[in-house]
Amino acid sequence: MNKSDLIEELSKGEDLTKSEAEEVVNLFFGEMTNALVAGDRVEIRGLGSFKVKSYDGYKGRNPKTGKQIKVKPKKLPFFKCGKELKERVDI
């Protein structure tokens, strides 16, 4: 399922217009993104949790040239699946 499919299902299930459903989905994902950018953790019971992990910089290697390069520190979003979702998927 992608974002368009989610909007379609929300509009059908909740009797909303597609533009209203799109606004709800965009608001939801926008607020999740804002929370993660602020360094907060987002938990959705029954689904899982999202948080931002920080990774230190390191020396890497360009596979094409073999030359060593310096990889900068970075922050990446991380999703941890909840127990309920694991159980539902592993039927």
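**Figure 1. Glycine 66 in the hairpin of β3 and β4.** In this predicted model, glycine 66 takes a positive phi near 80 degrees. The glycine belongs to the hairpin of β3 and β4, where six residues lie between the strands. Strand β3 covers residues 58–61 and strand β4 covers residues 68–71. The two strands run antiparallel and are joined by four bridges. Tyrosine 58 has valine 71 of β4 standing opposite.

Figure 2. The loop between β4 and β5 holds proline 73, and strand β5 spans 74–81. The relative accessible area of proline 73 is 61%, and the residue is exposed; the cut-off for that class is over 50%. Once neighbours within four places in sequence are left aside, proline 73 is in contact with Tyr55, Asp56 and Gly57. For tyrosine 55, the separation from proline 73 is 18 residues in sequence and 5.6 Å in space, taken from C-alpha to C-alpha.

**Figure 3. The salt bridge between glutamate 8 and lysine 18.** The side chains of these two residues meet at 2.7 Å, N to O. Glutamate 8 is in helix α1 (residues 3–13) and lysine 18 is in helix α2 (residues 18–37), so the pair ties together parts that are ten residues apart in sequence. Glutamate 8 is partly exposed, at a relative accessible area of 25%. Lysine 18 has 51% relative accessibility and counts as exposed. The dividing value between these two classes is 50%. This is one of three salt bridges that the structure holds.

**Figure 4. Serine 11 in helix α1.** Serine 11 has its place in helix α1. With 8% relative accessibility, the serine counts as buried, the cut-off being under 20%. Not counting residues up to four places away in sequence, serine 11 touches Leu16, Thr17, Lys18 and Ala21. One of these, Lys18, is the salt-bridge partner of glutamate 8. In the chain of 91 residues, buried residues make up 14%.

**Figure 5. The salt-bridge network of Arg41, Glu43 and Arg45.** Arginine 41 forms a salt bridge with glutamate 43, and the closest N and O atoms of that pair are 3.1 Å apart. The side chain of glutamate 43 also meets that of arginine 45 in a salt bridge, at 2.7 Å from N to O. Through shared partners, the salt bridges join Arg41, Glu43 and Arg45 into one network. Arginine 41 is exposed, and its relative accessible area is 52%. Glutamate 43 counts as partly exposed at 40% relative accessibility. Arginine 45, at 74% relative accessibility, counts as exposed.

**Figure 6. A nonpolar surface patch that includes leucine 6.** Met1, Leu6, Phe28 and Phe29 make a nonpolar surface patch of about 410 Å². Leucine 6 is located in helix α1. At 31% relative accessibility, the leucine counts as partly exposed. The chain exposes about 7900 Å², of which carbon and sulfur atoms supply 53%.

**Figure 7. The chain as the setting for the close-ups.** The chain contains three helices and five strands. Their order from the N terminus is α-α-β-β-β-β-β-α. The radius of gyration of the chain is 19 Å, whereas the globule rule gives 12 Å for 91 residues; the chain is therefore more spread out than a compact globule. The C-alpha trace spans about 55 × 35 × 30 Å along its principal axes. Of the contacts between residues at least 6 apart in sequence, 26% join residues at least 24 apart.

Definitions and conventions
Residues are numbered from 1 along each chain as its sequence is written. This is a predicted model: local features need pLDDT of at least 70, side-chain atom pairs count only at pLDDT 80 or more; totals for chains, interfaces and linings use all residues. Side-chain values use heavy atoms; hydrogens and water are left out. Two strands pair if DSSP finds at least two bridges between them. A salt bridge is a side-chain nitrogen of Lys or Arg within 4 Å of a carboxyl oxygen of Asp or Glu. Buried means under 20% relative accessible area, exposed over 50%, partly exposed in between (1.4 Å probe, protein chains only). The radius of gyration is taken over C-alpha atoms; the globule rule is 2.2 Å times the number of residues to the power 0.38. Contact means heavy atoms within 4.5 Å. Accessible areas come from the Shrake-Rupley method with a 1.4 Å probe; for residues, only the protein chains shown count as cover. Patches are made of residues with over 30% relative accessible area and no salt bridge: like charges are joined within 9 Å, nonpolar side chains (Val, Leu, Ile, Met, Phe, Trp, Tyr) within 5 Å.
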